[in-house]
Each structure stands twice: as structure tokens, then as C-alpha cells.
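Please keep the sequence and the structure in view while reading.

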Amino acid sequence: MISRRETVIAHIKSEYSVSPEYLFEGDFDTAVFRHNDTKKWFGIIMKVKCSTLGIEGEGTVDVMNVKCDPLLVDILVQRESFLRAYHMNKRLWVSILIDSEIEKGEIFELIEQSFQLTDKKQKRKKQ
């Protein structure tokens, strides 16, 4: 059976033609996803200790950080499977516990929003 992590990575490869980058020497649990042209991050998957995130349990969990509208971040963190982003701007990024009960379609929608929010073309339209 394919893990949720592998499903998310496969979706990003298929939808955006972006492969995970492992930027930290010897760390193959932290995968960064960047736009091919600007190299701006739109997502990162990593294993984080439960205790570091302040959640119950031993061991680690897979989280994915994505950029969101600040109002959406405030709404999402009210739900059990979302946290203010670990190691990112907590107002603009959210951590998703990807192995939780969240539907993969919702995760994919949040990845799409993050991709759009970090795309240079999006910024030009606002000007």
C-alpha cells in the first residue's frame, strides 16, 4: 500500500512536474517542492517529532507545510489535523498532518493554493 506521503509526492510530480528536493545532507525525510523557474518553495514534507509539535504520541509524524491566505490559516488551525507552520511563517503557512483523516483532495487543493500564492505570475496580476 502506498503511503500518504508517497501519494502527495506523486501528485506533485504529476500535476506540477516538480520532483522532491532533499536539500539537507543525509536527511531523506525532508522533501522540498519548488517552482521550476523561480525556485520559490510552495511546499515541504518532513518528519517531525510529536513532542516538538505539541501533539500526543511517541515518535514522528509526516507534516506538509503549504502557504495559505492568512484568514484560511486562522480557520484551518481550529481543526485537529492542522497546526501553525513548523519552521515557517506561522501567519502565512500551515502544517498539515498528512497521515490524519484529512481527505487527500483537500490536501491537493491546499497544495494548489500554495503553488498559486508562490507563483511569480500571480504577483504580477496583483500589481
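Contact means heavy atoms within 4.5 Å. The model described here is predicted, and the mean pLDDT of its chain is 91.

**Confidence of the prediction**

- A pLDDT of 70 or more is reached by 94% of the residues of the chain.
- Over residues 123-127, by contrast, pLDDT stays under 50.
- For residues 123-127 the model has 2 contacts beyond four places in sequence.

**Helix 1 and helix 4**

- Two packed helices are described by the angle between their axes and the distance between the axes.
- Helix 1 covers residues 4-16 and helix 4 covers residues 104-117; their axes come within 11 Å and cross at roughly 45°.
- The crossing of helix 1 and helix 4 is right-handed.
- On the side of helix 1, the contact is made by Arg-4, Thr-7, Val-8, His-11, Ile-12 and Tyr-16.
- On the side of helix 4, the contact is made by Lys-104, Ile-107, Phe-108, Ile-111, Glu-112 and Phe-115.
- Sorted by class, the residues in the contact of helix 1 with helix 4 are 7 nonpolar, 2 polar and 3 charged.

**Glu-112, a residue of helix 4**

- Glu-112 lies in helix 4 and is among the residues that make the contact with helix 1.
- Glu-112 counts as partly exposed because its relative accessibility is 30%, a value between the limits of 20% and 50%.
- The C-alpha atoms of Glu-112 and Ile-75 are separated by 18 Å, and the two residues are 37 residues apart along the chain.

- Is Leu-76 buried or exposed? Its relative accessibility is 4%, so Leu-76 counts as buried, the limit for that class being under 20%.
- Leu-76 belongs to helix 3, which covers residues 70-76.
- Along the chain, Leu-76 and Ile-96 are 20 residues apart, while their C-alpha atoms are separated by 9.2 Å.

**Exposed residues in loops**

- Gly-57 is found in the loop between helix 2 (50-53) and strand 3 (60-67).
- With a relative accessibility of 51%, Gly-57 counts as exposed, since exposed means over 50%.
- Gly-57 and Asp-74 are 17 residues apart along the chain, and their C-alpha atoms are separated by 25 Å.
- Glu-103 is located in the loop between strand 5 (93-97) and helix 4.
- The relative accessibility of Glu-103 is 60%, and Glu-103 therefore counts as exposed.
- From C-alpha to C-alpha, Glu-103 and Ala-85 are 19 Å apart in space, and they are 18 residues apart in sequence.

**Loop residues with positive phi**

- What is the value of phi of Lys-39? It is near 70°, a positive value in a residue other than glycine.
- Lys-39 has its place in the loop between strand 1 (31-34) and strand 2 (41-49).
- With a relative accessible area of 43%, Lys-39 is partly exposed.
- His-87 is a residue other than glycine with a positive phi, near 65°.
- The loop that holds His-87 runs between strand 4 (82-84) and strand 5.
- His-87 counts as exposed because its relative accessibility is 62%.

Key: Residues numbered from 1 in each chain as written. Predicted model: local features only at pLDDT ≥ 70, side-chain atom pairs only at ≥ 80, totals over all residues. Heavy atoms only, no water. pLDDT = per-residue confidence, 0-100. Axes fitted to C-alpha atoms, helices over the stretch in contact; angles between N-to-C directions. Helix = DSSP H or I, 4+ residues; strand = E, 2+ residues; numbered from the N terminus. Left-handed = near helix turned anticlockwise from the far one by under 90°. Nonpolar A, V, L, I, M, F, W, Y, C, P; charged D, E, K, R; others polar. Buried < 20%, exposed > 50% of the residue type's maximum accessible area, 1.4 Å probe, protein only.
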